[in-house]
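The sequence and the model are shown first.

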Amino acid sequence: MEDFLEDNIVPDDEGCLTIKFQDLSEAGHKVNLSKFSKQAVTELVISFSCLEKLPQGTLSLNRLRRLDISNNNISDLPLEIGTLKYLTDLEVSNNALTTLPAQIVHCEKLSNINLARNKLKDIPVGLFGKRYLQGHDHGLSIDVSENDHLAMIPKDLRETEQSEAVLWLLNVYFTHEEQISFVQKCTLDVKNHIERVKDEIKELERKSKHLQEQLDGLKSDNNNK
C-alpha cells in the first residue's frame, strides 16, 4: 500500500503534491495518509473506492485546497473537517450523506461544494453564515441536485427573511433561465397580491362607511328622544 501511494503522488512546479487514485475497491479503507502530514499536499482525489469514511490521516493534510471523495459510500463527514482552512473545493457527490457537520463553517475559503446524488434531507444554511447566502457575490457554487428528500428551502432559512429564502432558491436550485422565469412569476404573483389587497381595502372601506352610517343613525335617534 505504501508503494501504491507513492506511485500516485504528483508534484507540481511549486513543490505542492497531488495524491490521486480511484477504484481501490475494498483496499480503500486501508489507506493511511498520515505520513504526508508535513508535506504540502494540496489536492486529494479518492473516488470509486468503497470508502465509508475519510481515509486515516486525511485531516492532517492541512494545506488541502481540493478534496474529491466522490463515488463512495460515505454517510457523514467528520466534525474536524473544519480544520481544513485552505479548502476551496469539496467534491462529495454520489455518496450517502444525510447532513453536513456545522464545523464546515470554519472552511472559510470554500467556494465550490458538490453534494449531488446523496441522501440529504436538509441543508443547514444558517450554519454557513451570511457569506454563503450571497453566493454569486462570493463565487460560491453549491450543487445539491438529485437529493430526493431535500427540502426546497433549508430549515434554518425558513425562519429568516423571505428575500434570503428566495436568494438561496435562485442560487442553488435554478439555472439562469429558470431564475429569470422564477423572478417574473414572483413579480406577477406580487402584482396579483397587491390587486387583491386593494380590493380587500375597498371592501373594508365600504363596510366601514356602512357602519359609520349606522352609527350616525343611532346617534340621531338618540338625540331625537
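L64 is buried, with a relative accessible area of 0%; buried denotes under 20% relative accessible area, exposed over 50%, and partly exposed the range in between, with a 1.4 Å probe and protein chains only. The model is a predicted one, in which local features need pLDDT of at least 70 and side-chain atom pairs count only at pLDDT 80 or more, whereas totals for chains, interfaces and linings use all residues. Residues are numbered from 1 along each chain as its sequence is written, and side-chain values use heavy atoms, with hydrogens and water left out.

L64 belongs to the loop between β3 and β4 (66–68). Helices (H or I, at least four residues) and strands (E, at least two) are DSSP runs, numbered from the N terminus. Contact here means heavy atoms within 4.5 Å. Setting aside neighbours within four places in sequence, L64 is in contact with V41, T42, E43, L44, T58, L84, Y86 and L87. One of these residues, L87, is 23 residues from L64 along the chain, yet the two C-alpha atoms are separated by 5.6 Å.

Strand β3 (41–47) is largely enclosed by the rest of the structure, because 7 of its 7 residues are buried. It runs parallel to β4, and 3 bridges join the two strands; strands are taken to pair if DSSP finds at least two bridges between them. Within this pairing, L44 has L67 of β4 as its bridge partner.

**Chain architecture and the nonpolar core**

The protein chain contains 5 helices and 7 strands, in the order α-β-β-β-β-β-β-α-β-α-α-α from the N terminus. Of its 225 residues, 37% are buried. Among contacts with a separation of 6 or more, 43% are between residues 24 or more positions apart. The chain exposes about 13900 Å², of which carbon and sulfur atoms supply 50%; these areas come from the Shrake-Rupley method with a 1.4 Å probe, and for residues only the protein chains shown count as cover.

In soluble globular proteins, nonpolar side chains tend to be buried together. A nonpolar core is defined here as a set of buried Ala, Val, Leu, Ile, Met, Phe, Trp, Tyr and Cys residues joined through side-chain atoms within 4.5 Å. The largest such core has 35 residues, and L77, L90 and L115 touch the most other members. Two or more residues of this core come from each of β2 (17–22) and β3 (41–47). Beyond its neighbours within four places in sequence, L115 is in contact with V92, L97, L100, L120, I123, D143, V144 and N147.

N147, one of the contacts of L115, is placed in the loop between β7 (141–143) and α3 (155–158). Apart from residues up to four places away in sequence, N147 touches L115, A116, R117, N118, K119 and L120. Polar atoms of its side chain lie 3.3 Å from the backbone nitrogen of N118 and 3.4 Å from the backbone nitrogen of K119.

S93 is found in the loop between β5 (89–91) and β6 (112–114). Its side chain makes a polar contact with the side chain of E91 at 2.4 Å. A polar contact is a pair of N or O atoms within 3.5 Å; within protein, one must be able to donate a hydrogen and the other to accept it, and residues adjacent in sequence count only if both atoms are side-chain atoms. With neighbours within four places in sequence excluded, S93 is in contact with S70, N71, N114, A116, R117 and N118.

**Positive phi angles and cysteines**

N71, a contact of S93, lies in the loop between β4 and β5 and has a positive phi of about 60° although it is not a glycine. N94, in the loop between β5 and β6, also is not a glycine and has a positive phi of about 60°.

The structure holds 0 disulfides, a disulfide being a pair of cysteine sulfur atoms within 2.5 Å.

| Residue | Relative accessible area | Class |
|---|---|---|
| N147 | 7% | buried |
| S93 | 5% | buried |
| N71 | 23% | partly exposed |
| N94 | 27% | partly exposed |
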